[in-house]
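Please look over the sequence and the 3D model below before reading on. The paragraphs after it go through the structure one part at a time.

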Amino acid sequence: MPELPEVEVICRGIRSFLVGRTVTDIHCNGKRLRHPVPMEMMQRKMVNQIITTVERRAKFLQIGLETGEMLIIHLGMTGNLGIFPPTVTPAKHDHVLWSLDNGTELRYNDIRRFGSIRFLSVSEVVDREETIFQTTGPEPFSDEFSAEYLQKLAKGKSPAVKLFIMTNQTVAGIGNIYANESLFAAGIQPSRTAQSLTKKEWERLVIEIRRVLSHAIECGGSTISDFLNASQEKGYFQMNFKVYGREGKACSLCSANIEKQKIGGRASYFCPNCQK
Ligand SMILES: [Zn+2]
């Protein structure tokens with residue numbers, strides 16, 4: 001499943017090919033994604049319009065038009081976007097194709113079809129933080145995401161800190177892998193209650209969450225840098241994890257064995273020596 005870094009890499013990868021381009025035509029193979037693809041709406045509202053922005057919010061890609069309207073895409077489990085010349089035959093699971101005025105095509109590929117594509121009107125775009133993102137916390141790289149914010153929010157909260165940071169209302173887009181890796185980097189036991197962390201520990205965790213995500217984005221950027229002619233069939237990038245999936249292996253800092261514990265039903269990996 002694409003996590004925040006993968007979505008960010010895709011966003012950065014396609015941005016330069018899309019901003020300033022005009023959509024000239026849209027094709028769809030008629031298959032339903034998580035919801036029906038809004039083909040009629042896209043045909044009416046997107047064709048002959050200029051793409052002005054390509055941004056990420058949580059795990060959604062937001063493709064903004066000059067009209068103020070917006071296409072909002074969630075990749076689900078297996079979704080991907082790439083830019084192709086029309087001479088490349090569409091892949092089997094390319095469900096939607098947007099033709100651009102320079103002859104290239106943006107293609108949405110999704111084997112399992114759990115992704116979604118929505119077209120938002122201007123008022124829906126303006127209201128989206130109160131509607132679509134109502135239960136989504138701040139972005140991990142935003143100023144709003146700070147030690148003060150986390151400590152205040154965690155006050156009186158007894159769930160494990162790992163579950164707390166994986167909650168969408170706390171912060172956008174921290175999945176299981178990056179929660180494990182950030183807590184290891186910050187030296188914090190994943191099973192500690194959220195309210196037990198000190199201000200200093202929250203400060204360290206904010207820094208490490210950003211560092212771990214930035215590192216993943218950099219790795220991804222070099223792994224799948226070629227968005228033009230990118231192979232739609234290739235999977236999401238893999239990085240070398242410090243604790244995730246390393247049960248019984250030696251900690252890279254102290255050589256103790258990495259332990260595994262289920263917290264809230266999710267696999268949690270940690271070093272019993274380095275994480276307090
Ligand atoms: Zn260790």
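This is a predicted model: local features need pLDDT of at least 70, side-chain atom pairs count only at pLDDT 80 or more; totals for chains, interfaces and linings use all residues.

How many of the eleven residues of α6 are buried? Ten of the eleven are, so α6 is mostly covered, where buried means under 20% relative accessible area, exposed means over 50%, and partly exposed lies in between (1.4 Å probe, protein chains only). Residues are numbered from 1 along each chain as its sequence is written, and side-chain values use heavy atoms, with hydrogens and water left out.

The buried residues of α6 are Asn176, Ile177, Tyr178, Ala179, Asn180, Glu181, Ser182, Leu183, Phe184 and Ala186. Take Ile177, which lies in this helix: its relative accessible area is 18%, so it counts as buried. Ile177 is 161 residues from Ser16 in sequence, and the two C-alpha atoms are 29 Å apart in space. Just after α6, Gly187 takes a positive phi of about 70°.

On a 1 Å grid over the protein atoms alone, a pocket is an open set of points with protein on both sides within 12 Å along at least five of seven lines, whereas a cavity is a set where a 1.4 Å probe fits but cannot get out; lining residues have an atom within 4 Å of a point. The second largest pocket has a volume of about 290 Å³. Here, grid points are joined across faces, edges and corners, and the volume is the space filled by probe spheres set on the points. Fifteen residues line this pocket, and Glu181, Phe184, Ala185, Val212 and Lys242 lie nearest its centre. Both α6 (176-186) and α7 (199-223) supply at least two residues of the lining. Which helix gives the most to the lining? It is α7, with five residues. Sorted by class, the lining has seven nonpolar, three polar and five charged residues. In this sorting, Ala, Val, Leu, Ile, Met, Phe, Trp, Tyr, Cys and Pro count as nonpolar, Asp, Glu, Lys and Arg as charged, and the others, Gly among them, as polar.

Next comes the metal site. The zinc ion is coordinated by the SG atoms of Cys251, Cys254, Cys271 and Cys274, at 2.2 to 2.4 Å. Donors are N, O and S atoms within 2.8 Å of the metal (3.2 Å for Na, K and Ca); water is not among the atoms, so sites may look incomplete. Along the chain, the donors follow the spacing C-x2-C-x16-C-x2-C. Why is the arrangement called tetrahedral? The four donor atoms subtend angles of 101 to 113°, and four donors count as tetrahedral if all angles lie between 85 and 135 degrees. The ideal angle for four tetrahedral donors is 109.5 degrees. Cys251 is buried, at 3% relative accessibility, whereas Cys254 is partly exposed, at 27%.

The side chain of Asn109 makes a polar contact with the side chain of Asp94 at 2.8 Å. A polar contact is a pair of N or O atoms within 3.5 Å; within protein, one must be able to donate a hydrogen and the other to accept it, and residues adjacent in sequence count only if both atoms are side-chain atoms. The Asn109 side chain also reaches the backbone oxygen of His93, at 3.5 Å.

Most residues other than glycine have a negative phi. Asn48, in the loop between α2 and β2 (51-57), is not a glycine, yet has a positive phi of about 75°. Arg113, in the loop between β7 and β8 (116-120), is likewise not a glycine and has a positive phi of about 60°. At 59% relative accessibility Asn48 is exposed, while Arg113, at 30%, is partly exposed.

Conventions: Helices (H or I, at least four residues) and strands (E, at least two) are DSSP runs, numbered from the N terminus. Four donors count as tetrahedral if all angles lie between 85 and 135 degrees; four count as square planar and six as octahedral if opposite donors are over 155 degrees apart and all others between 65 and 115; anything else is irregular.
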